[in-house]
Amino acid sequence: MTGFTQLEEIPKIHAALRKTFRSGITKPIAWRRHQLHQLARLAQENADEIADCIYKDLGRPKQEAIMGDVAAVIERSLIVASNLEEWAKPEEPTVQPWQQSWNTRVEKQPKGVALIISPWNYPFILSVQPLYGAISAGCCAVIKPSEFSPHVSAFLAKAIPKYLEASAYKVILGAVPEITRVLELKWDHIFYTGNGRVARIISAAAAKHLTPTTLELGGKSPVLVDSSADIDISAKRILWGKVNNSGQICVAPDYILAEKAIVPQLIDSIKKHSQDFFPDGALVSKSYGKIVTDAHFNRLKGLLQRSKGKVVLGGQWDEKTRGIEPTVVIVEEEDALLEDELFGPILPILPVESIDEALQYLQDRDYPLILYGFSNNKVNKQKILDATMSGAVAFGDTFQTVAVNEVPFGGVGESGHGSQNLKYSYDSFSYLRPVFDIPFQDEQFFGARYPPYSEKSLEFFSALLKAPIPKI
Ligand code: NAD
C-alpha cells in the first residue's frame, strides 16, 4: 500500500537503530533532555496540524484533541526533561555493615532499542507518551502507529525525523504484514497499546526473543452507582466520560451497575445532561466525534440490534458520518452489550439490588483497566476497594483521572501489565543494574568462605540458624 514502509526496509531500520544505540549517543542526560524539549516543541509548533489530523481520522473536536493529546504531551515532555537528572541518578541502598565498603549502587541503564506499537483512538499521545519514556531512559525507538489513523501516522512519520535525532527514532508505517515483519526481529522492549487479542500475538512474538513487554490494554471498565451518590452530578460526569471521543477511550465507562431504586432518577439526569451537551442533537454537534471505521461502526450497530435491552436515550445513527448518538440501554444480565468492551457511545445500565450484588457480578469477571464508583457511603467505598481488583479505582468522576500525571497508568490481568506516565514511563524503558566495587583490601574479611571448609567456618555461617523468630 502507498505510504507504507517497504518490508525489506524493516530489518535495515532495525539494524540502523541498533548501530546508533551502540554508538552511545542516546545516553548523555543533556542529549536526552534536548530530545525531550524537541518533542514538546514538535507538539507545540504543530498543535493545529495535529488537531486537524485527529479530526480527519476520528472527527474528534479540536478542544478534545488539544486537551487529550497535544497539551498533555507538551506538559509531560517538559516535566520529564526537568526531572530526568534526578531520576537517572544511581540509587544507593543501605547495605549491611560488613558490605559498606563495596560502593553498591543501582544504576539505570537504557534497555536498548524499543518498539512502540500504538492504536488509533488517541493516535498522537499514545505514540508519543511511550516515546518520551524511551527517550528519557536513553533508548532508541521505532514507533508503529495505527493504520486506522492514517493522517496522524503520516504526520508522525514526517515530523519525528524533523524534530528528533533521525538516527535514533524512526516511524514504520503499515498494517498486519509490516507489523508481522517487525515482530520477527529482536527488540529490547515492546510497548504495545491496543486490544487483548492482538496483545496475545505481540506477547507470543516477544516470547520468542525473551523480550520484556508493557501491555496497555482495555476491557470493560464498570461504573457502580449507589443510592447515597449525588445522582445528578454522577449522571453528568459519567455521560461526559462516555461521549468524549464518542466513547472510544480505554478508560471510558463501559457499563453501569446501579442500585434499582435510583435507576429512574439516573436515567432522567443522563437525558437532561445529554440535552444540555448537545442541544441540537449529538449527530449534528461540533462537540461530538464519529466512529473511527466502518468496521467499528457496524460492530456497534450490530450490538444495538442484538441487544434485548430497552433504549431509554439515543439509539440513532448516521451511516454517512459514522456518528452514533449517546445511547443508554437498560439491560439484563446476559445482554449482548455486556459481552465485550463496547468502545463506543453506548452505555448499558444493569440494575442491581445492592452494591453487594454488583460486587459479586464484578468478581466473576476480568480485572478492568479502571473501576468507577459513585457513592457517598464510606462503607460501600471500602467494600468496593476490598472486593475488587482493577488497574485503577476512581470515586466521583470518570475520564478526568487521566490528568493526574504522578500515578502509574496501566492495567492488571486482562487489562495489561506494566505502566506509563512521567517516571513510570522512564522506568518502563530502564533496566535497574546493580553495580558492586569490592575493594581488594577486604580480602582479610573473606577467609571463612574459601575451601577447605571446617567446623569453625561452618559455625561462622550458622549464626542465623539460631536467630530468634517472633512467635506471632
Ligand atoms: P488498533 O486496531 O489500532 O491496533 C493497535 C495496534 O496493533 C496498531 O498499531 C495495529 O497495527 C497493531 N496490530 C493490529 N493487528 C495486529 C496483528 N495481527 N499483529 C500485530 N499488531 C497488530 O487499535 P485497537 O486495538 O482497536 O485499540 C483499541 C483497544 O486499545 C481497546 O481495547 C482499548 O481499550 C485499548 N486501549 C488501551 C489503552 C491503554 O492505555 N490501556 C489506550 C488506548 C486504547
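This is a predicted model: local features need pLDDT of at least 70, side-chain atom pairs count only at pLDDT 80 or more; totals for chains, interfaces and linings use all residues.
**Exercise 1. Is Ala 51 buried or exposed, and which residues does Ala 51 touch beyond four places away in sequence?**

*Solution.* 
Step 1: Locate Ala 51. You'll find Ala 51 in helix α3 (residues 47–58).
Step 2: Check the area. With a relative accessible area of 4%, Ala 51 is buried.
Step 3: Look for its contacts. Leaving out residues up to four places away in sequence, Ala 51 touches Lys 62, Ala 65 and Ile 66.
Step 4: Ala 51 and Ile 66 are 15 residues apart in sequence, and their C-alpha atoms are 6.6 Å apart.

**Exercise 2. Now try Lys 310: is Lys 310 buried or exposed?**

*Solution.* 
Step 1: Find the element. Lys 310 belongs to strand β9 (residues 310–313).
Step 2: Read the area. The relative accessible area of Lys 310 is 60%, and exposed starts over 50%. So Lys 310 is exposed.
Step 3: Lys 310 touches Val 328, Val 329 and Ile 330, not counting residues up to four places away in sequence.
Step 4: Lys 310 and Ile 238 are 72 residues apart along the chain, with 19 Å between their C-alpha atoms.

**Exercise 3. Take helix α1 and find where its buried residues lie, seen down the axis.**

*Solution.* 
Step 1: Helix α1 (residues 10–23) has 14 residues and reaches 20 Å from its first C-alpha to its last. That's close to the 20 Å expected at 1.5 Å a residue.
Step 2: Pick out the buried residues. In α1 these are Ile 10, Ile 13, His 14, Leu 17, Arg 18, Thr 20 and Phe 21.
Step 3: Look down the axis. The buried residues of α1 fall within an arc of 160°, so they line one face of the helix.
Step 4: Turn to the other face. Away from the buried side, α1 carries the exposed residues Lys 12, Lys 19 and Arg 22.
Step 5: Ask what the buried residues pack against. For α1 that's β1 (105–110), β2 (113–117), β3 (140–144), β4 (169–171) and α7 (176–184).
Step 6: Go one residue past the end. Gly 24 follows α1, and its phi is positive, near 85°.

**Exercise 4. How does the span of helix α2 compare with what you'd expect at 1.5 Å a residue, and what covers the buried residues of α2?**

*Solution.* 
Step 1: Compare the spans. The 17 residues of α2 (residues 29–45) should span 24 Å, and the end C-alpha atoms are 24 Å apart, so the two agree.
Step 2: Find the buried residues. They are Trp 31, Arg 32, Gln 35, Leu 36, Gln 38, Leu 39, Ala 40, Leu 42 and Ala 43.
Step 3: Name the cover. What covers the buried residues of α2 includes α3, α4, α5, α6 (150–163), β4 and α14.

**Exercise 5. Describe the second largest pocket: what is its volume, and which element gives the most to its lining?**

*Solution.* 
Step 1: Start with the volume. The second largest pocket has about 650 Å³.
Step 2: Go to the lining. This pocket is lined by 33 residues, and Arg 76, Phe 399, Thr 401, Val 402 and Ala 403 lie nearest its centre.
Step 3: Sort the lining by element. α4 (62–88), α5 (125–137) and β15 (392–395) each supply at least two residues, and α4 gives the most, with 5 residues.
Step 4: Sort the lining by type. It divides into 21 nonpolar, 10 polar and 2 charged residues.

**Exercise 6. How many cavities of 30 Å³ or more does the structure hold, and what types of residue line the largest cavity?**

*Solution.* 
Step 1: Count. The structure holds 1 cavity of 30 Å³ or more.
Step 2: Give the volume. The largest cavity has about 40 Å³.
Step 3: Look at the lining. Among the residues there are Lys 242, Cys 250, Asp 254, Glu 341 and Phe 343.
Step 4: Sort the types. The lining of the largest cavity has 5 nonpolar, 3 polar and 3 charged residues.

How values were computed
Residues are numbered from 1 along each chain as its sequence is written. Side-chain values use heavy atoms; hydrogens and water are left out. Helices (H or I, at least four residues) and strands (E, at least two) are DSSP runs, numbered from the N terminus. The expected span of a helix is 1.5 Å times one less than its number of residues. Buried means under 20% relative accessible area, exposed over 50%, partly exposed in between (1.4 Å probe, protein chains only). The arc is that of the directions from the helix axis to the C-beta atoms. Contact means heavy atoms within 4.5 Å. On a 1 Å grid over the protein atoms alone, a cavity is a set of points where a 1.4 Å probe fits but cannot get out, and a pocket is an open set with protein on both sides within 12 Å along at least five of seven lines; lining residues have an atom within 4 Å of a point. Grid points are joined across faces, edges and corners, and a volume is the space filled by probe spheres set on the points. Ala, Val, Leu, Ile, Met, Phe, Trp, Tyr, Cys and Pro count as nonpolar, Asp, Glu, Lys and Arg as charged, and the others, Gly among them, as polar.
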